[in-house]
Amino acid sequence: MAQKVHVEPYHVFGLCRETRNNLLFLDEHTIIFPSGNNCVLSDIHQRWTKFIPGAMPCRQGEQGIQALALSPDRCYLAVSELREQRTITIYDIQSEQRSKRQVLTGGSNGVHEFVCMAFSADSKYLLGQSGGLDWTLFYWEWETNTAIAMVQTTKLGFVSQVSFNPKDNTQICVSGNCVFKMFKLENNVLNQTSSSEMDQENFMSHAWMSEDCIVSGTETGKLLMLTAGQWQNLGRASERCITAIAPFSKGFACAAAPGLVCLYEKIEEYSYRKTSEIRIPQDPCSSQPSQSEQQEITTICLSPSEEMLAVSTRQGQIYHVSLTSPEISQGKQANFEFLFHSVHLGSITGLSTCSSKPLFATCSKDLSVRIWNYKTKSLELRKEFLEEPNFISLHPNGLSILVGFPDKVCLMNVLVDEFRTVQEFNIHNCSECVFNHDGNVFAAVSDKLINICNIRTGEKVHLNGHINKVQSVMWSKDDRCLVSCGMDGAVYKWDALTGACESSKNLEKSCIYMDAMFSPDTGSVLAVGNNFTLNELRDGKILREMSSDGVAYTAISMTHSCKALFVGTAVGTVRVMQYPLEEEKSWTEYQAHSGPITKMVVTPGDQYLLTASEDGSLLIWAITDQEGRTLDLVKETDYTEEVICTKAYLEEKDQRIQEAYAQVKLLKEDQERKINQNQMDYEKKINKVEQNFLQQIEALNSLIEVLNTEKEELIFFKEKALSEMMKKHTTELKDLDHKHEGQLFKAFRKHDELKKRLQAMEQNHEEKLREHEDNRFYTMMDMKRAYDDKLKDRENRLQQAEDRLKELQEKVDSEFKNVFLQYDLELEKEKETSMKLEYELENQMMQFCKITEEIQDQWLGISQLQIKVEEINSKNKETNQKLEQSLKIQEQELCTERKRATNMNTLVQRMKADIQNCSSFINQPFLLKDNFTRLYKTYIHEADVGVAVKAEVVQEHTRQRELLQKTVVSQKKSQAMDGKIQPTDYSKILKEEVLQEVKSAETEIEQLQNKTREKKQICKYLEAEVEEINSRNKTMQELTQKLNMKETALCTERQRVRNLNTLVQRMKTDIQNCLGFIQQPSLLKENFLKLYQSYIHEADVRVGVKAEVVQEHTRQRELLQKTVVSQKKNQVMEVKTQPADCSKILKKSTMPAEERIQERAKNSQHRTEINIPKKIVTAPFLSIVSSKDSQPNSTKWPVTQESPKIQRLKIDIQDMGQVQAACQSSLGSLKLPAINTKIIE
């Protein structure tokens, strides 16, 4: 089985320019920057790189890395990415695997993107600022993925930077376009503490200098400092915007202008001054060298030791400078240098390698051509042109290059320091060009025409067959054939010598082929395009076709050993497929770029894969097997080291060498002279130091002698003190020994006394124990004798009881035998009587059938009467409900009209009183003027608000009235449906049948006759109910009359309100007319007198309410309330009496049933059982009985448990009474007929 081929990212050239905070220092020698779809860790000195791949890109929409943030402890890296779901991924960059620690999202808030981030000082919390329309700031405890707080930072403009206070994790700063805000985290809520007073300023960047000091830069070049809530102007750094600020221990660095960084150092606590400037120098390789000086600096970062400062620019370049350089220390202007090398600014359109050197060439839309070395991972040569180079092709020997421009194709020699044109070819609009393997011929594409040119002879062969633009052209391994593909959906294989087309694939108008190549071993053609497939062709036919799962392919390449195939996609990924292609879809996909891959090439020896993208990045991949080793067929290639140099270059180099030699001689002489001078100076200094040391030694010796004498004296005093202390110690010890002996003797005596006492106590205790044991033994013996006597008495009693039981059993057995014989005789008699009863029953069944037919006819008449009663009841219900609802509505309207009338009366009385007050000043014009203006203000402006009925109130009143009417109609419908349903419910409840056994056929016939009599009585009762209903109709007429009276009263009240409204309006207009004479006292006096006379005397007559109308209205209302209350009381009394009537009827029906149950116990088992149901008839709610139920032999029920069923009937009738009472309370004053129950026997 063939070994699987893998690729690993080896090195990258390029920087994501649009990423926020895209340059970071991990340590003194390692930087972090985004490139393509990866975050790159690169060592500045050793030139190694490590990659953190991003998430898999989405197939549609924007994608890429938006922002970076490094924790202050330099352990964690936060990466904001644009994917299907906007995320922030946090990596542990100190671990070897650089593993993911957490993935944060906006949850259900619909975050469009995260534009900037920041870690807290202790690296526990993370800020994430979302973009789009919401601009929500998230405050996370990122290790637990907990969003502690969220707040909207702005509604207008945008936010460019967020940051934590370096000492307080709860204080946050947010700056941006017209935004500068401070937030405080309190109780898991971000509250704004202050905002910028300069709303018109656009803040581009800011930095915390201390816990209470922030320096910010504006779009107009101002440096502002916020301390203790007050702004302080540090001056204008330049006329351009300040795009970045980075603090360090001595002060801060700011990007004051394009290509310029200024260093500010601290003078006092809140004072800074500019110490030096650092500029980006001109680029000698550029066609416009001054443009490099105008690059906008986007990010500034400092190494941990603050020895190096690095910046990134909007053009994607990285520069650095040493802060320990003499220029900066002396306050002079310093220049930046490339940290690595210059990279492409735009999309890379061309990529080519050579076989004799480890070089490859690229061209880009930034008008530049560059030569790179993939072994040393460096840029060898670059040059910018005035026109955009469309393509490049590096000669196999690496000494020449073809560069295509819109109007020509140039063959250039690759010199040590420049490109020099040696030959030009007149080929217009050339979009693709490639050398053959020996470098003598090249193929150039001009729109839909392919030209094959010989460099030595100048001969040309035209290949004409495509009908649209050709996208790609490639030579075969032996240079005999050429393959091309284009936008016309065709793939052609050409003979390079004759120009003939050997094979072609049919046109596919819907497909645009992007790239095609030959398979070195099989000679088949592999092509990719926008049809989401990889096609393998031979002789114009498709051998294999592999789908891409909806991802468009843009480039293709293969190893020279034909083990693997590499395909680039439109989403920036690289797919590795084993060759020959397998039938199933199988590939390994790697993250590469953030834009579509434009070109990809495998280097000679199958060591590296080169990929270029529209995002301007260039990635080198190491090709390995599945164990990480190079391929078996790969051998280390010995590359040539020859370069092309001009004579002038060599002469200039020799001259420089001679000047260097001369300078070295001068330096050596200066160095010798300086060494001699330094030696003499050092000898003088040594002599001086020697003398000083000798003097110090003498002084120290004298000090030592003095100290020795002092030491001897101290030793003598010490020995004396020790001897005295020893004497005292011995005397004290003797005294302590005497004392201790006396104490021991006393303690020994006490011990002897205690021993004697203990022995005496033990003897007394033993004697007492013996006495207790003797007493216990005697008491036990006495108790045993007493219990033995009691046991003997109990045994004698038990024996007597057993004898009595035996006698009783013998008596019971003799009596039982006698009873059994009597019972057998009675059974025989009952059998004889049952036989007689059966014979009589058969004869009398005929009479029973005739009587049931008569009962059926009577049932039909009763059912018709019941239907009439139900119809009348339903009509009465509806009319009563309508009348009650209309009465309620009219009462509400009457109340509202009365309220309006009282309000209008109060307003008129107030106006009259104010006019009378004004009349008292009729002879004082000035006072009359003042009082009249007050009158005008109060009643012309305020009266409308206080009293006048607004149009909205009227509309609300009408709306409520219509809604009330709708609810009344719906209630009527529901009550009508209840009226239809209730009788059936009552009939179901009362249709439970009481089952009784009949003794003989004669008694049954008598019972049927009684039923017919009772039914006649029921008919009479129903007729009486109809008469009662008619009498109720009279009460309904009375209600209608009362309703008409209410309507008339309502109309009078409305007329009163209208009259009052017209009066108020007239008074307002007259007051307004009087206001016109406010400057003319005489005319004002006359008009006011007219006003007083017209409204103070006449208004009472025209507007006053008659007392008779009000009394009549109240009298009718009280009468109506009394009638409603009396009807409710009657209904409640009827409901209470119904359960008592039902219980009486049930008692009468249960008495014969209980007697028959006792007689049935005496009958024999062979007697027949005849069951006739007894029905409870309820008036007026009787159910219609079908003809089937009236047949005599249709149903038979066994009468086995009659008394429980009768009890159940009682409970159901009581429940029915409760239901009726509930209905009565819900229907209000509507009267229902009483329920009368009778048992038909």
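**View 1. Lysine 377 sits over the face of tyrosine 10, at 4.9 Å from the ring centre.** A charge counts as over a ring if NZ of Lys or CZ of Arg is within 6 Å of the ring centre and within 35 degrees of the ring normal. Tyr10 also belongs to a cluster linked by ring pairs, together with Phe13, Phe360, Trp372, Tyr374 and Tyr608. Rings of Phe, Tyr and Trp (its six-membered ring) pair if their centres lie within 6.5 Å; planes under 30 degrees apart are called stacked, over 60 edge-to-face, and the rest tilted. Elsewhere, lysine 50 lies over the face of tryptophan 48, also with 4.9 Å to the ring centre.

A word on the model: it is predicted, with local features needing pLDDT of at least 70 and side-chain atom pairs pLDDT 80 or more, while totals for chains, interfaces and linings use all residues. Residues are numbered from 1 along each chain as its sequence is written, and side-chain values use heavy atoms, leaving out hydrogens and water.

View 2. Tyrosine 139 is in strand S12 (residues 136–141) and phenylalanine 164 in strand S14 (residues 159–164), so the pair ties together parts 25 residues apart in sequence. Strands (E, at least two residues) and helices (H or I, at least four) are DSSP runs, numbered from the N terminus. Tyrosine 139 is buried, at 1% relative accessible area, and phenylalanine 164 is buried too, at 6%. Buried means under 20% relative accessible area, exposed over 50%, and partly exposed in between (1.4 Å probe, protein chains only).

**View 3. Phenylalanine 203 and tryptophan 231 form a stacked pair.** Their ring centres are 5.7 Å apart and their planes lie at 25°. Phenylalanine 203 is in strand S18 (residues 203–210) and tryptophan 231 in strand S21 (residues 230–236), 28 residues apart. Phenylalanine 203 is buried, at 1%, and so is tryptophan 231, at 19%.

**View 4. Leucine 367 has a positive phi, near 70°, though it is not a glycine.** You will find leucine 367 in the loop between strand S32 (359–364) and strand S33 (368–373). With 27% relative accessibility, leucine 367 counts as partly exposed.

**View 5. Tyrosine 579 and proline 580 are joined by a cis peptide bond.** Omega is about 5° here. Proline 580 lies in the loop between strand S53 (573–578) and strand S54 (588–591).
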